[in-house]
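User: Please take a close look at one helix pair in this model. Then set that pair against other parts of the structure.

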Protein chains: 2
Amino acid sequence: MSVLQGINPNIRKMKQLEYGALASRANQIKEELRKGVRRHYKEVIDVSWGDSHRAGVKPLTFVRQVLAACVYPPLINSNNLPLDVRQRAQKQLGTCAGGSVGKGYACGISEFIKRRDGGIPSQPENIYISAGSQWSIGNILHVLVNSEASPKTGVLIPVPCHITTAVSITGLGAVTVPYYLSEEQAWALQVEELQRALESAKGVCNPVALYVINPGNPTGYVQSRKSVQEVIRFASEKGLFLLVDEVYQDSVYGENSEFVSYKRALSEMGPPFSGTVELASFHSVSKGFLGECGLRSGYVELVNLDPAVMNYIQTLFSKDSSSPVLGQIALDLMTDPPKPGDPSYPLYNQVGTLELYLLRTSQHYNLPGLSCPPIGGGFYAFVRLHLTPKSIQKSKELGLQPDTFYCMKLLEEGGVLTTPGSQSFSGPLGGAGTLPAGQPLINLNALKEKLKEL
Amino acid sequence: MSVLQGINPNIRKMKQLEYGALASRANQIKEELRKGVRRHYKEVIDVSWGDSHRAGVKPLTFVRQVLAACVYPPLINSNNLPLDVRQRAQKQLGTCAGGSVGKGYACGISEFIKRRDGGIPSQPENIYISAGSQWSIGNILHVLVNSEASPKTGVLIPVPCHITTAVSITGLGAVTVPYYLSEEQAWALQVEELQRALESAKGVCNPVALYVINPGNPTGYVQSRKSVQEVIRFASEKGLFLLVDEVYQDSVYGENSEFVSYKRALSEMGPPFSGTVELASFHSVSKGFLGECGLRSGYVELVNLDPAVMNYIQTLFSKDSSSPVLGQIALDLMTDPPKPGDPSYPLYNQVGTLELYLLRTSQHYNLPGLSCPPIGGGFYAFVRLHLTPKSIQKSKELGLQPDTFYCMKLLEEGGVLTTPGSQSFSGPLGGAGTLPAGQPLINLNALKEKLKEL
Ligand SMILES: Cc1ncc(COP(=O)(O)O)c(C=O)c1O
Ligand SMILES: Cc1ncc(COP(=O)(O)O)c(C=O)c1O
């Protein structure tokens, strides 16, 4: 018997990611440029991933210096690195068995959360570190999804959505129940829509969890405190587990936008909510000011979970042998950064510049043929393309989604590699292709300084 | 509804790992030692994990220097690092978009495999990199296990076994079908026993795959070419997918022991086997001479899989956003090490010493009260403890497995933290506790030089 016959049916349902053609064309162009072929541009700018370093943003010096000294400890004695860097590396290695970077590193994330949430306590034993928040999300879903249940387990997800979460849900044998975000309201999340989505699931699946991304990917929408409270009340009423993806919590820059964590809002709402609503909040070194995607490290904080369930989660997270140690160190640096007076503080503190680019970017896209609601936070601009009927016709002839065709032209003529917005639509209950024709969208990681030249 | 009611039933079946009590006692003792409490020993030696750095083995200088320069590129211009290190770092960064370590790194593992296998070709497109081999194993199992099937999917696993794989299998909703390795034959794998195991599954589950660890963990047994061929023939006859865990392939040191990869043996067997038997081979930077557990990086090579299945596997591996970049660089250094003439070659080449310790260790354990068959390879000595009835009685009174009790004493009196061998027995069809009373075993990571003092 070949594997194909017996294959896990949920794996078949996973949406195949389709950046492929664009990415390989970009590689060809890069190769041509290297060989001296002339184009309007000298290099390809890749803003197709949420990886700011890949797009040319420089990593933070402090972070990289500490990591280098941890990797190769003789650097701790070198005068070329600032004193606080060397002390920090020494301290990090002190917590590692054998004096070398190894498994089992633990860090003070709970202190960071407490500061963030205005003093609301956070317990280290409710925090699990893993190789990126995407992985944590998968682990928590693994606990929530009963692949043998009938009707199937359902998870409410926003549309547009960070697509890998939707893929994970399908892969585990659950059903995605879409709730649509409203472009007219700058992609705001609306409780009536959650209600509609939940009702749409009747007879199809058994929804147990609600996935929220705040600040939004790809929308850039930042929920107000009131909006967060409404969602919590809805989850409480319907007995839904809250999966809150807060990886962009440190990238909020819109006027009047403020990040309020679900944990904080929940705690401040008091009983009965504060002691009952089950919540998982995800964060990562991939985003925020660190942008260290390649290190693969994130954490999840769990609130109000049954101790028995916490035991299973412990097993799941320890089975995978710990998360990458350098990522764990970066997590520690992110949550306990240099302080005023430290030699590295002035340089570390220059991060505000990124935010300016982002703001500017959002304005840039309100050009003829493009529109984009104001962006409150996150790493993306989700831009509507007002394509001509001719261009839509052309893309159909080529068998491409209109936005993919546009992205292809942007790459060929502008040297910028982006992700088609249609990737962010997983469609009703796991299907694909709900995007109304002629309203393609484009997802731009707006972090790149060079984008100003566009 | 609380999560506990709806929880994935497979998660409940996952064996809870029980190092807990021992590890936290070890932490207490370390803390006491730090505070000046006197004991027979000055430090706790932790050989309970397969993490040699944790046990005090020094990381390879070349590897750590290249990684440091990749993390913090100004080091490339520093005269303090050898020229080949700086050149290598430069080259690695050249392959990363944005000139900084980011996602999407690819490396020449296939060349390494081809060299290893005497020229048998290996295609890069059949290789997937991930955050450690444990994760790759999980991904491939995810494809193979149909959690909705009835009867359930079965996977044959060795007993004793690297326990996390068994936990992954259960967590995905499959059933573990144990085949017992024979201590009398130095833990050799025997085809008649595979046959018996397969028959035992009748009416219980539908076995689709056979998991083999070669060189063995925790047994240290290294299969001969003939033994590998027998297993391949068995898999072919029974239509089983071969999951071969070859993470210890670079740690073979027993007299007359030789590592023969399943891929090589399969290829050399010729048709019909070479074109039909489906195989996944796992390797990792955690083991071998690198021992870089904390970087989290491994790969899987797939042989004879249907292209449609390969597509699903592609989606699964890309969903998790790539593996840690520094681990990928380490994988590249492992598979393309310094060559004679390179400045770093002489130091890099001093790795043989580890093997001597291991050999010596195996002899060490043949003391009164202990016995251990000759060890062919791997990182462990799986030692039989001939405990007295009194000691077994005592452990029962304390509600501990006899070997856990022994490990506790070894920690208290000898300052050495080990893993009880009973952890490696998952028992028939996923249950626990098949270990015959009075024959406890102990699993010792034997890498630590200091063990000679024991
Ligand atoms: C909303 C959201 N969640 C999670 C992730 C993944 O983060 P990590 O790199 O921590 O796995 C991303 C990355 O793009 C994201 O946009
Ligand atoms: C047999 C075996 N396979 C896999 C692993 C895990 O390796 P990795 O660190 O690459 O996940 C180990 C680690 O101890 C092991 O012993």
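Analyst: The crossing of α9(A) and α10(A) is right-handed. This is a predicted model, and every value here is computed from it. Helix α9 covers residues 191-200 of chain A, and helix α10 covers residues 225-238 of chain A. The two pack at an angle of about 25 degrees. Their axes lie 10 Å apart. Because angles under 35 degrees count as roughly parallel, α9(A) is roughly parallel to α10(A).

Now the residues. On the α9(A) side, the contact uses A:Val191, A:Leu194, A:Gln195 and A:Leu198. On the α10(A) side, it uses A:Glu230, A:Val231, A:Phe234 and A:Lys238. Five residues of this contact are nonpolar, one is polar and two are charged. An α-helix has 3.6 residues a turn, so residues three or four places apart point the same way.

A second pair in chain A is α4 with α5. Helix α4 holds residues 61-71, and helix α5 holds residues 83-94. Their axes come within 9 Å and cross at roughly 50 degrees. That makes α4(A) oblique to α5(A). The crossing is right-handed. From α4(A), the contact takes A:Phe62, A:Gln65, A:Val66, A:Ala69 and A:Cys70. From α5(A), it takes A:Asp84, A:Val85, A:Arg88, A:Ala89, A:Gln92 and A:Leu93. By class, this contact has seven nonpolar, two polar and two charged residues.

Chain B has its own α4 and α5 pair. Helix α4 (residues 61-71) and helix α5 (residues 83-94) of chain B pack at about 50 degrees, with axes 9 Å apart. That makes α4(B) oblique to α5(B). Here too the handedness can be stated: α4(B) and α5(B) cross in a right-handed sense. B:Phe62, B:Gln65, B:Val66, B:Ala69 and B:Cys70 of α4(B) meet B:Asp84, B:Val85, B:Arg88, B:Ala89, B:Gln92 and B:Leu93 of α5(B). The class count for this contact is seven nonpolar, two polar and two charged.

Next, burial. Helix α14 of chain A spans residues 325-335, and eleven of its eleven residues are buried, so the helix is largely enclosed by the rest of the structure. Among the buried residues of α14(A) are A:Leu326, A:Ile329, A:Leu333 and A:Met334. The list also includes A:Gln328, A:Asp332 and A:Thr335. In chain B, helix α14 (residues 325-335) has eleven of eleven residues buried, so that helix is likewise largely enclosed by the rest of the structure. B:Gly327, B:Ala330 and B:Asp332 are among the buried residues there.

A:Glu111 is partly exposed, with a relative accessible area of 45%. Its C-alpha atom is 8.2 Å from that of A:Pro121, ten residues away along the chain.

In chain A, a cis peptide bond joins A:Ser150 and A:Pro151, with omega about 0 degrees. A:Pro151 lies in the loop between α7 (133-144) and β3 (152-159). In chain B, a cis peptide bond joins B:Asn217 and B:Pro218, with omega about 5 degrees. B:Pro218 lies in the loop between β5 (205-213) and α10 (225-238) of chain B.

B:Ala186 has a phi of about 55 degrees. This residue falls in the loop between β4 (175-180) and α9 (191-200) of chain B. B:Ala186 is buried at a relative accessible area of 19%, and the cut-off for buried is under 20%. B:Arg296 has a phi near 60 degrees. Its loop runs between β7 (279-284) and β8 (298-303) of chain B. B:Arg296 is buried, with a relative accessible area of 4%.

Last, chain A as a whole. The chain has 18 helices and 13 strands. Of its 454 residues, 61% count as buried. Its accessible surface comes to about 17300 Å², and 52% of that belongs to carbon and sulfur atoms. Take contacts in chain A between residues at least 6 apart in sequence: 70% of them join residues at least 24 apart.

Technical notes:
Residues are numbered from 1 along each chain as its sequence is written. Chains are lettered from A and ligands numbered from 1 in the order in which they are written. This is a predicted model: local features need pLDDT of at least 70, side-chain atom pairs count only at pLDDT 80 or more; totals for chains, interfaces and linings use all residues. Side-chain values use heavy atoms; hydrogens and water are left out. Axes are lines fitted to C-alpha atoms, for helices over the stretch in contact, and angles run from 0 to 180 degrees between N-to-C directions. Helices (H or I, at least four residues) and strands (E, at least two) are DSSP runs, numbered from the N terminus. Angles under 35 degrees count as roughly parallel, over 145 as roughly antiparallel, 65 to 115 as roughly perpendicular and the rest as oblique. A crossing is left-handed if the near helix is turned anticlockwise from the far one by less than a right angle, and right-handed if clockwise. Contact means heavy atoms within 4.5 Å. Ala, Val, Leu, Ile, Met, Phe, Trp, Tyr, Cys and Pro count as nonpolar, Asp, Glu, Lys and Arg as charged, and the others, Gly among them, as polar. Buried means under 20% relative accessible area, exposed over 50%, partly exposed in between (1.4 Å probe, protein chains only). Accessible areas come from the Shrake-Rupley method with a 1.4 Å probe; for residues, only the protein chains shown count as cover.
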